[in-house]
Amino acid sequence: MRLWVALMACVMLLACGEPVPSSGAARIIATGDSMLAWNAASKKSVASELERRLGTQVIDRSVVGARYHYVLPVSGSLGLRIGSQYRSGPWDWVVMNGGGNDLWLGCGCSKCEAQLNRLIAEDGSSGTVVTAVKRARADGARVAYVGYLRTPGRGSIIDHCRTWGDRFETRLARMAARDAGVTFVSVADLVPHGDLSFHDIDRIHPSAKGSAAIAARIAAIIR
């Protein structure tokens with residue numbers, strides 16, 4: 001029992017995204033998973049780098065390990081369910097990512113057709129991802145939906161996910177094409193083959209250099 005309580009406390013601590021200020025001064029919010037949240041402790045995450053490049057506050061609600069389809073209620077409400085991260089506000093831009101953990105952890109990037117269809121329809125018109133994007137658009141915000149880094153070609157435990165990732169991002173691009181207020185930001189070509197410098201040691205998450213490069217692409221869209 002004590003171990004369970006300790007584990008839950010750790011999850012809750014990790015799942016706490018940045019609070020949204022009541023002043024309304026912040027105009028950009030970020031939601032998603034570890035690709036955005038990685039390097040936050042050293043203030044070199046994608047959101048931190050985006051703040052530096054744009055010279056404006058970015059509220060980072062992203063959480064390591066977050067998914068769209070997450071069933072546990074308490075930790076889900078604290079941010080491990082991506083849909084719970086967003087807060088309505090006077091946003092100019094919402095930077096979003098997510099879906100990778102649903103494919104990798106939810107179905108092991110194998111026989112994932114049902115999971116993929118649940119995330120986003122083939123034509124990009126519906127699904128959990130689309131619902132999240134439409135919620136932000138209903139608040140008047142533009143959306144930058146960010147894709148995933150590809151593995152560096154030097155071996156990674158998610159190498160086998162490439163096909164599903166490509167299919168997922170094709171659908172994201174179709175979603176963006178349906179709405180002029182949504183931009184799909186691809187980073188699939190960001191990592192030169194064999195270059196390990198854009199990834200952390202696990203060859204999944206971005207290094208500080210990788211986070212900065214991702215932020216540069218998002219900043220170019222927002223500018």
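These are legends for several close-up views of one predicted model.

The model is predicted, so local features need pLDDT of at least 70 and side-chain atom pairs count only at pLDDT 80 or more, while totals for chains, interfaces and linings use all residues. Residues are numbered from 1 along each chain as its sequence is written, and side-chain values use heavy atoms, with hydrogens and water left out.

**View 1. The whole chain, before we zoom in.**
Ten helices and five strands make up the picture here; helices (H or I, at least four residues) and strands (E, at least two) are DSSP runs, numbered from the N terminus. Of the 223 residues in the chain, 48% are buried. Buried means under 20% relative accessible area, exposed means over 50%, and partly exposed is in between (1.4 Å probe, protein chains only). Take the contacts (heavy atoms within 4.5 Å) between residues at least 6 apart in sequence: 72% of them join residues at least 24 apart.

**View 2. The five-stranded sheet.**
Read across this open sheet and the order is β2-β1-β3-β4-β5, with parallel pairing; two strands pair if DSSP finds at least two bridges between them. β2 (58-60) and β5 sit at the edges with a single partner strand each, so one side of each has no neighbour in the sheet. From one strand to the next, the twist averages 20°. Inside the sheet, β1 (residues 28-31) and β3 (residues 93-96) run parallel and are joined by four bridges, with Ala30 standing opposite Val95 in β3.

**View 3. Helices α3 and α8 on the sheet.**
α3 (residues 46-54) packs on the sheet, where it touches β1, β2 and β3, and its direction makes about 180° with that of β2. Helix α8 also packs on the sheet, touching β3, β4 and β5, and its direction makes about 150° with that of β4. Axes are lines fitted to C-alpha atoms, for helices over the stretch in contact, and angles run from 0 to 180 degrees between N-to-C directions. The buried residues of α3 are Val46, Ala47, Ser48, Glu49 and Leu50, and they pack against α2 (34-37), β2, β3 and α10 (208-222). Just past the end of α3, Gly55 takes a positive phi of about 70°.

**View 4**
β4 (residues 142-146) and β5 run parallel, joined by four bridges, and Val143 stands opposite Val182 in β5. In a regular strand the side chains alternate between the two faces of the sheet. In β5 (residues 182-185), Val182 and Phe184 point one way, Thr183 and Val185 point the other way, and all are buried.

**View 4. Where α8 meets α9.**
Two packed helices are described by the angle between their axes and the distance between the axes. For α8 (residues 128-138) and α9 (residues 162-177), the axes come within 11 Å and cross at roughly 35°. From α8, Val129, Val130 and Val133 meet Phe168, Leu172 and Met175 of α9. That contact divides into six nonpolar residues, no polar and no charged; Ala, Val, Leu, Ile, Met, Phe, Trp, Tyr, Cys and Pro count as nonpolar, Asp, Glu, Lys and Arg as charged, and the others, Gly among them, as polar.

**View 5. Arg162 in α9.**
Arg162 is found in helix α9 and counts as partly exposed because its relative accessibility is 38%. Leaving out residues up to four places away in sequence, Arg162 touches Arg150 and Thr151. Cys109 is 53 residues away along the chain, yet its C-alpha atom is separated from that of Arg162 by 8.6 Å.

Asn39, in the loop between α2 and α3, has a positive phi near 75° without being a glycine, and at 17% relative accessibility Asn39 counts as buried. Arg203, in the loop between β5 and α10, is not a glycine either, but has a positive phi of about 60°. At 25% relative accessibility, Arg203 counts as partly exposed. Ser88, in the loop between α5 (82-85) and β3, is partly exposed with a relative accessible area of 48%.
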